[in-house]
Amino acid sequence: MNEQLVQEAVDLFIEVLPLETTDIETESAKWHDLYSKECSLYGLIGRMTDDELNEYRIAVKYIKK
């Protein structure tokens, strides 16, 4: 299992959390930066094995609480 890949995805997940509350009209540059990072996150998720995805899900579950 590639723990570095999982950690990178978790780090990106944390970075893009503000995207939910960022207004594209008033904070366009910030929104686009966060959106770009979210796209990178989905790219990492697409490369993960089932075991890595499970580790990612567990980590994200605790962050969202």
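Reader: Which residues line the largest pocket?
Author: The model is predicted. Rolling a probe the size of a water molecule over the atoms shows where empty space is left. Here the largest pocket has a volume of about 150 Å³. Its lining consists of Phe13, Val16, Leu17, Leu19, Glu20, Glu38, Leu41, Tyr42, Ile45, Tyr56 and Lys64.

Reader: Which element gives the most to the lining of the largest pocket?
Author: The elements that give two or more residues to this lining are α1 (3-16), α2 (28-47) and α3 (50-64). With four residues, the one that gives the most is α2.

Reader: How many residues in the lining of the largest pocket are nonpolar, polar and charged?
Author: The lining includes Phe13 and Leu41 as well as Glu20 and Lys64. Sorted by class, it has no polar residues, three charged and eight nonpolar.

Reader: Within what arc do the buried residues of α3 fall, seen down its axis?
Author: Buried here means under 20% relative accessible area. In α3 that holds for Glu52, Leu53, Tyr56 and Val60. Seen down the helix axis, these buried residues line one face of α3, because they fall within an arc of 95 degrees.

Reader: Which exposed residues does the face of α3 turned away from its buried side carry?
Author: What covers the buried residues of α3 includes α1 and α2. The face turned away from that buried side carries exposed residues, namely Asp50, Asp51 and Tyr62.

Reader: What does α3 reach from its first C-alpha to its last?
Author: α3 has 15 residues. At 1.5 Å a residue, 21 Å is expected, and the helix comes close to that, reaching 21 Å.

Technical notes: Residues numbered from 1 in each chain as written. Predicted model: local features only at pLDDT ≥ 70, side-chain atom pairs only at ≥ 80, totals over all residues. Heavy atoms only, no water. 1 Å grid on protein atoms, 1.4 Å probe; cavity = no way out; pocket = protein on both sides within 12 Å on 5 of 7 lines; lining within 4 Å. Points joined across faces, edges and corners; volume = space filled by probe spheres on them. Nonpolar A, V, L, I, M, F, W, Y, C, P; charged D, E, K, R; others polar. Expected span 1.5 Å × (residues − 1). Buried < 20%, exposed > 50% of the residue type's maximum accessible area, 1.4 Å probe, protein only. Arc of directions from axis to C-beta. Contact = heavy atoms within 4.5 Å.
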